[in-house]
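Hello,

Here is the structure I said I would pass on. My notes on what was found in it follow below.

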Amino acid sequence: RDVVDKCKASISYPPHGLPTLLYGPTGTGKSSIAAMMYEYGINHKILKDNAAFLHVNCSEYANNPELITANLFGYKKGAFTGAESDKVGLFRAVNGGTLFLDEIGNLSYKTQMLLLRALQEKRCKPVGSTKEYSFDIRLVAATNENLEKAIGEGRFREDLFHRLNEFTLRIPTLAECREDILPLAYFFLKLTCAKAHKSFRGFDRLAEAALLEYPWPGNIRELKNVIG
């Protein structure tokens, strides 16, 4: 509940909320929290009804930094091999909405520099273009990595960290929120039953005790997979 309240507070800042950094281990539900923040903004008219939500997993581009740069900022026809037409980048495509950069610690140092400049100036330049375009987005970033350690090791820009760190939410592990285990288990059971068109009463006492005693190293994701 504390995390939910902080999420609501972060998005209530005009015009689209502060840049928000979600920090937590794998499987703690960072993507779901980012989506919840977006939906809260829509439902409370902080964001327009047609505002977009785009989820980008930066880890998918770890070995191809040029591709994520082109996707974020767009490119001009002929800028590189395969650029057969102009493409509007995600920063402009999501204008007025929310861009969720998941696993941001996987961005290359050069991409981090371009991202910092774009966030500071609220302008971006497509690859191969001399023209800059303005944008207005709400940025939510997430990582399971200790970015301060990454800064010390020279893998993450300190200035970008401070830019993203205007509003930081630490997402606790499931083991730290044992009171949530059974409610989540029943929620996932309900989803599984609906999907399978079956009905189950729930868990017996021994099953509930086992769920509570297990350490859940994979957090909410592991619990969902076990139930489903």
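**Thr28 and its surroundings**

The side chain of Thr28 reaches the backbone oxygen of Pro25 at 2.7 Å. Please keep in mind throughout that this is a predicted model. Thr28 lies in the loop between β1 (20-23) and α2 (30-43). With a relative accessible area of 4%, Thr28 is buried, because anything under 20% counts as such. Not counting residues up to four places away in sequence, Thr28 touches Ile171, Pro172, Thr173, Asn219 and Ile220.

**The chain as a whole**

The chain has ten helices and nine strands. Its C-alpha atoms fill a box of roughly 65 × 40 × 35 Å along the principal axes. Of the 228 residues in the chain, 39% are buried. When contacts between residues at least 6 apart in sequence are taken, 72% of them join residues at least 24 apart.

Is strand β5 enclosed or open? Five of the five residues of β5 (residues 98-102) are buried, so the strand is largely enclosed by the rest of the structure. Thr98, Phe100 and Asp102 point one way from β5, while Leu99 and Leu101 point the other way.

Strand β2 (residues 53-57) pairs with β5 in the parallel sense, over five bridges. Within that pairing, Phe100 in β5 is the bridge partner of His55. Strand β8 (residues 138-143) also runs parallel to β5, and four bridges join the two. Here Leu101 stands opposite Ala141 in β8.

**His55**

His55 is found in strand β2. Its relative accessible area is 42%, so His55 is partly exposed. Leaving aside neighbours within four places in sequence, His55 is in contact with Ser31, Phe100 and Asp102. With Asp102 there is a polar contact between the two side chains, at 3.3 Å. Ile171, which is one of the residues touched by Thr28, is 116 residues away from His55 along the chain, and the C-alpha atoms of His55 and Ile171 are separated by 18 Å.

In soluble globular proteins, nonpolar side chains tend to be buried together. The largest nonpolar core in this model has 28 residues, of which Phe91, Leu99, Leu101, Ile104, Leu115, Phe156 and Leu164 touch the most other members. At least two residues of this core come from each of α3 (65-73), β5, α5 (109-121), β8, α6 (147-152) and α7 (158-164). The most is given by α5, with four residues.

Leu101 can be followed in more detail. Not counting residues up to four places away in sequence, Leu101 touches Val56, Cys58, Leu72, Leu115, Leu139, Val140, Ala141 and Ala142.

**Aromatic residues**

The structure holds eight aromatic pairs. Why does the pair of Tyr186 and Phe203 count as edge-to-face? The ring planes of Tyr186 and Phe203 stand at 80°, with the centres 5.0 Å apart, so the pair is edge-to-face, since the cut-off for that class is over 60 degrees. This pair links distant parts of the chain: Tyr186 is in helix α8 (residues 181-196), and Phe203 is 17 residues apart from it, in the loop between α8 and α9 (205-213). Tyr186 is partly exposed, with a relative accessible area of 32%.

A further pair is formed by Phe187 and Phe188, and this pair is tilted, with 5.6 Å centre to centre and 55° between the planes. Which of these two residues is buried? Phe188 counts as buried, at 8% relative accessibility, whereas Phe187 is partly exposed, with a relative accessible area of 44%.

Elsewhere, Tyr38, Phe53 and Phe100 form one aromatic cluster. Lastly, the charged end of Arg92 sits over the ring of Tyr133, 3.7 Å from the ring centre.

Regards

Notes. Residues are numbered from 1 along each chain as its sequence is written. This is a predicted model: local features need pLDDT of at least 70, side-chain atom pairs count only at pLDDT 80 or more; totals for chains, interfaces and linings use all residues. Side-chain values use heavy atoms; hydrogens and water are left out. Rings of Phe, Tyr and Trp (its six-membered ring) pair if their centres lie within 6.5 Å; planes under 30 degrees apart count as stacked, over 60 as edge-to-face and the rest as tilted. Buried means under 20% relative accessible area, exposed over 50%, partly exposed in between (1.4 Å probe, protein chains only). A charge sits over a ring if NZ of Lys or CZ of Arg is within 6 Å of the ring centre and within 35 degrees of the ring normal. Two strands pair if DSSP finds at least two bridges between them. A nonpolar core is a set of buried Ala, Val, Leu, Ile, Met, Phe, Trp, Tyr and Cys residues joined through side-chain atoms within 4.5 Å. Contact means heavy atoms within 4.5 Å. A polar contact is a pair of N or O atoms within 3.5 Å; within protein, one must be able to donate a hydrogen and the other to accept it, and residues adjacent in sequence count only if both atoms are side-chain atoms.
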